[in-house]
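Please look over the sequence and the structure shown here before reading the notes that come after them.

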Amino acid sequence: MTFEAWIAEPVNWVFIVVALAVVGTAVRVVTSQNVVHAVLFLVATLAGTAALFLILSAQFVAWVLVLVYIGAVIVLFLFGIMITRAPTGRGSGLDNDRKGVALVVSAALFVVLSWASLSAFGTTELTDLGEGTPTEVLGEALLGRFVIPFEIVGFVLLAALIGGITIARRDATPAEEEAR
Amino acid sequence: MNPLLVLAAEEPAAELVTGGIWVEWAGLILISPFVAFLLIIFFGKRLKYLGAEFAIAALAFNTVWASVLFVLNMTRGVLYERTFEIARIGFLGGAKELVFELGWMVDGLSIMMYFLVSFVGLLVFIYAVGYMHGDVRVTWFFAAFSLFAGSMLVLVGAPNLVELIIGWEGVGLASYLLIGHYWEKKENSSAGMKAFYTNKVADVGLILGAIIVGVSIGTFSFSEMSRLATEGGNGLAAVASVAAALLFFGAMGKSAQFPLHIWLPDAMAGPTPVSALMHAATMVTGGVYLMARTFPLYQNLAEGVRPAMVVIGAITLFAVGLLALVQDDIKKVLAYSTVSQLGYMMTAVAAGGYTAGLFHLFTHAFFKALLFLGAGAVIHAVHSNNMSDMGGLRKYMPTTYWTFVIGSLALAGIFPFSGFWSKDEILATLGVEGYTFVMWVGIGGAFVTALYMMRAMALTFHGTYKGDGHPHEAPRVMTWPLIGLAVPAAIAGFLNIPGVEWPGIRNFTEWLAVRVVKMGDYHPKEIDVTLAAIGLAAALAGLAVGWVLFGRDAATQRERDRLEIPLLYPLFRKKYYVDDLALGLVWLVKAPFARAVLWFNDYVIDGIVNGTGFLARGLARFVYGGLDQRGVDLIVNGLAAATDAAGSGARRWQSGRIQGYAASFVGGVVVLVLAVVIFR
Amino acid sequence: MIINQFLILAALLFSLGVYGLLVRRNAVMVLLAVELMLNAVNINLIAFEAAIRSTLAVGQVFAIFVITVAAAEVGIGLAIVILVFRNRKSANVDELNLMKW
C-alpha cells in the first residue's frame, strides 16, 4: 500500500489528528512540571485513546475507558496528589537528573518495538471494520467462555478494595484505641 | 566372613502385606499434620488449649495408624508404594525423560520412622501443652510444630528424592520458625537463621546429588535407584560416587556432622519441646534416614566414599562429644550429646551397618526425647537453663529424676537399657567391617558419653539446690510423657538382641530388611561378649569418674566452685549469683597460692581418676576452644568474609534507586528482544 | 488503514510511559506513567482484535480485563504511596532507598 493510497482514506486523516493529539498530550504527561497538569493531560491522552478505539469500532471498550479511567481513576490520582501534597505548582524537583539514561533506554525500546511490528506486519491492512463488535457479543464472551477470568478479576478488584483500605488506613494510636 | 554373622534377610519375608486399607491409605499419615496446621491457623485461637487439640489429634491418629503398620510389619512385613505422576520432562532434545512423582512409601524403614515420629511427636506435643502454658504464641507454636512433624513424615514417607527434598526443606523451614520462636531476643532469631543457613549450605549438596541421580537414571524413585544400584552396570554406576558424596554432604547438614554441626547447639534457643522433637525423632535423623534410604547406592556402587564418611562420623562422635563436658547449659550438654550420637549412627551406616545405625536411631529417639523433656521439666521448675542454678532437684522432682536417670543410663549404654544394645551393635559392626580403630574411638566415645551424662545428672539432681525460689515437680501433663518415653527407653533394646527370637514377632533386623532390594548389611547372630563387656566397662568407668568428679564434691557451694575453677570463664559469662561471683573473684585474687596448693593436692590425691577427668576436660576445652571455636569457625568466618567481599563488589549495583533498576530492566528487555530477533 | 499505524503509535506511547517511569521522582507521577504504558497495551489489543475479528472478541475482552486490573493497581498503588508518605513525609521514589546497602 502506497502512502498516496493511505492518505486518500478519510479515516486516516482523523487518525492523524487523533494520534498527534494523543502523542502530544502523552509527552506532556511525562514532562509537565505541574503535577495537576500532568494528570489533566493524561485525561486528554485517554480521551484520544477512546477515539482511537472508536475508529477501530470497539465502542464498548471506548466507553468503558472513558467511564473507568477518565471518570474514576483520574479522580483517584487527583486525590493521591492532594493527599501526598505533591508540589502542585511549577517546580523543578519533579524529575530526577538521569534524563539522558531514560531517554536512551526508552528510545531504544521504541526503535526495537516499532522495528519488530514493522518487520512482522509490514503494510497489512485493516479492512471491513463494519459496525464493530456488538456489546451483546462481548457480554456473551465475558459471561460465557471467559466467566472464570471475569470472576477472578472481580475478586482481584475486591481484594484491591480491601487491601487499599487496609494499607492506607491510619492505625489508631493507643489513646484512640483506649477511647474506642 | 565372621562365622558369627549372617547376611541380613537372607530369605525374603514369608508373607508380605502388600495391600489392604491400612497400607494403601497410609498417605493419610503424611497429610494429617498439614490438615492440623490449617485448622490450628484458622480455628486454633478459639479453642480451650489454643489449637493444641488439633495437633495432638493429628498425631494421635498417626500414632494409631503407624502402630497398626508397625505391628503388621513386626509380624509379617509390609511393602507397598503408591505414586502419582505430577510431571514428565523431556531433555536432551527428547532423548531422555525425567518423571516427577509424589506419593508414599510403606516399607520396613518408613514404618519405623512413621512410628517413631508419630509416637515421640505425640508425647512431646502433650508435654508441650504443659510446657508452653501461658506462652505468648501458643497457637502459632502448635501450628509450626504440626508443620514440623508433617514435613518430617513427608520426608520419611517419600518414595523419591524430590518428595524427600520437599519434606526436607519443610523441616528446615519449620525448624527455623520454631528455633526463633522467642524472636524478641536477637540471639534467638540469629540461632534460627544460623540453623537455616547451615542447612542451606548442605542442601546444595543434596539437590545437586538428586539432580545427578535423576538425570542419570531418568527417575528420582528410591526403589528404582536401589534396584539399579544392586544390579550394577548401568548409568548409575558412572555417577554413583559423585552423587553419593553430594547426598552425604546434604545429610551432614541435617544430621549435624562435623564440621556442619555448629547450628545444632545454638538451636537450643527454641522452646524445649522443639529441642526434644528435633533431636530425637525429627530433623536431625533426616540425614541418617537419607543415608539408610539410599543405602544400596553406598553399599554397592560408592565404596570409595564410605571411608571418608566413617572418618567424619568418628570425629563427630568423639570430638564433638567432648564438648558436652564443658557446657553449663543443660540443653547444650544434651545438644552436643545428640551430635555425638548422630556421629555413631552415621559411622555405623557408612561402615555398612544399615541395621546397626538405624537401631541406634530408634533407641536414641526414645531416650534423647526423654532426656530433653526431663531437662525441660527441670528448666520449667527452676527457670534457668544453667546447671549452676540447679542441683539437689532429686528431692523436689522425683519422677523427673528417675526418668532422667533411665534416659541417662540408656544414653550411656548401661546394660540392660536400650542404648547398650544399639551401641554394642554399632561397635560390633565396626569391628567386623574392619574399622578397628574407629571401633575403639566408639568405645572411647562411650566413656565420654557416660562421663558427661553423670556430670549432668550430678549437677542437676544431686548436691544442694542453688537456684531461686522453690522448685516443684512438673504438672502431670508433663510427667506422663516422661514415663511414656522412659518405658521404651528402657526396653527398646530387647527388640534386637543378637540371637534372641521373641515368640510371634520377628526381630528388628528383619523389619528393616523389608525393602525392595536386599540391603546386604551384617547383623551379629550372637552377642560378642568380650566386646559388649569392654563397651560396658568403658561406660561404667565414665559413670564412676563422673561421680567421683562431680557427685561427691557438689555437696556445698564452696566445694562446687573449687570444682568449677577450670571452667570459671564460662561461668563468669553466665549470670551467676553475685555472691558466688564475688566468692570466686576473691578466691581467685586473694589466694592464688592456696589455690595452687589445693589443686596440686587434689590431683595428687585423686590420682588417676582426677587425672583422667582433667585430661578429658583439657582435651575438650582444646577441641571446643581451639578446634571448634577457632578452627571450624575460622573456615566458617572465612566463607563469610569471602561472601562479604563479593557482596561489597556486587552492592554497587544495588543502589537502592528503583528507577535505576527499572532502567536496567528495560534495557535488558531491549537487548533480549534484539538477541532473539538476530539469532533466531 | 494499516495495522502498523496503531502498533507504532502504541509503541511510542509505551516508550513515553517508560521514559516517565524512569525520570519521575514523585511516586504518583510514576503511577501515571504506568497508566500510559497500560493504555498503549490496550491500543495494541484493540488493533489486533480489529485485524483478526475473532468470534469471541478476545482482544476487547482482554482490554477490559486490563482496564480492570489497572484500576485495581491504581487503588493499591496509591494506598501504598499514601502509607509511604505518611511514614516518611515524602512520596519521592528516589528517597525510598532503605533497601540499598
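The briefing below goes through the chains, a contact between two of them, the nonpolar cores and a few local details.

The structure is a predicted model. Chain B has 680 residues, and buried residues make up 59% of them, while in chain C, with its 101 residues, 63% count as buried. Chain C and chain A bury about 6,900 Å² between them, and one helix of chain A, helix 3, packs its buried residues against helices of chain A and of chain C.

**Chains B and C**

- The secondary structure of chain B comes to 28 helices and four strands, whereas that of chain C consists of three helices with zero strands, so that, read from the N terminus on, the elements of chain C run α-α-α.
- Among the contacts in chain B with a separation of 6 or more, 80% join residues 24 or more positions apart; the corresponding share in chain C is 59%.

- The size of an interface is often given as the accessible area lost when the parts come together.
- For chain C and chain A the buried area is about 6,900 Å², and 78% of it lies on carbon and sulfur atoms.
- Three residues, C:Met1, C:Tyr19 and C:Arg24, supply 11% of the area that chain C buries against chain A, which is more than any other three residues supply.
- Counted by residues, the contact takes 67 from chain C and 89 from chain A.

**Helix 3 of chain A**

- Helix 3 of chain A covers residues 35-55, and because its 21 residues should span 30 Å at 1.5 Å a residue, the 30 Å found between its end C-alpha atoms agrees with that expectation.
- The buried residues of this helix include A:Val35, A:Leu42, A:Leu46, A:Gly48, A:Phe53 and A:Ile55.
- These buried residues pack against helix 2 (10-31) and helix 4 (59-83) of chain A, together with helix 1 (3-23) and helix 2 (27-52) of chain C.
- At the start of helix 3 of chain A, a side-chain oxygen of A:Asn34 comes to within 3.0 Å of the backbone nitrogen of A:Val36, and following the helix there is A:Ser57, which has a positive phi near 50°.

**Nonpolar cores**

- The largest nonpolar core holds 218 residues, of which B:Val120, B:Phe145, B:Leu161, B:Leu164, B:Met291 and B:Phe366 touch the most other members.
- Helix 16 of chain B (residues 354-382) gives the most to this core, contributing 20 residues.
- A second, separate core of 86 residues includes A:Trp6 and A:Ile74 as well as C:Ala10 and C:Ile43.
- When neighbours within four places in sequence are left aside, B:Leu164 is in contact with B:Leu155, B:Ala158, B:Leu206, B:Phe222, B:Tyr289 and B:Leu290.

**A buried serine in chain B**

- B:Ser146 is found in helix 5 of chain B, which covers residues 138-157.
- Its relative accessibility is 1%, and B:Ser146 therefore counts as buried, the cut-off for that term being under 20%.
- Apart from neighbours within four places in sequence, B:Ser146 is in contact with B:Pro33, B:Ala36, B:Phe37, B:Ile40, B:Ala55 and B:Phe125.

Notes: Residues numbered from 1 in each chain as written. Chains lettered and ligands numbered in written order. Predicted model: local features only at pLDDT ≥ 70, side-chain atom pairs only at ≥ 80, totals over all residues. Heavy atoms only, no water. Helix = DSSP H or I, 4+ residues; strand = E, 2+ residues; numbered from the N terminus. Expected span 1.5 Å × (residues − 1). Buried < 20%, exposed > 50% of the residue type's maximum accessible area, 1.4 Å probe, protein only. Contact = heavy atoms within 4.5 Å. Polar contact = N/O pair within 3.5 Å; in protein donor to acceptor, adjacent residues only side chain to side chain. Core = buried A, V, L, I, M, F, W, Y, C linked by side-chain atoms within 4.5 Å. Buried area = accessible area lost by both parts, 1.4 Å probe.
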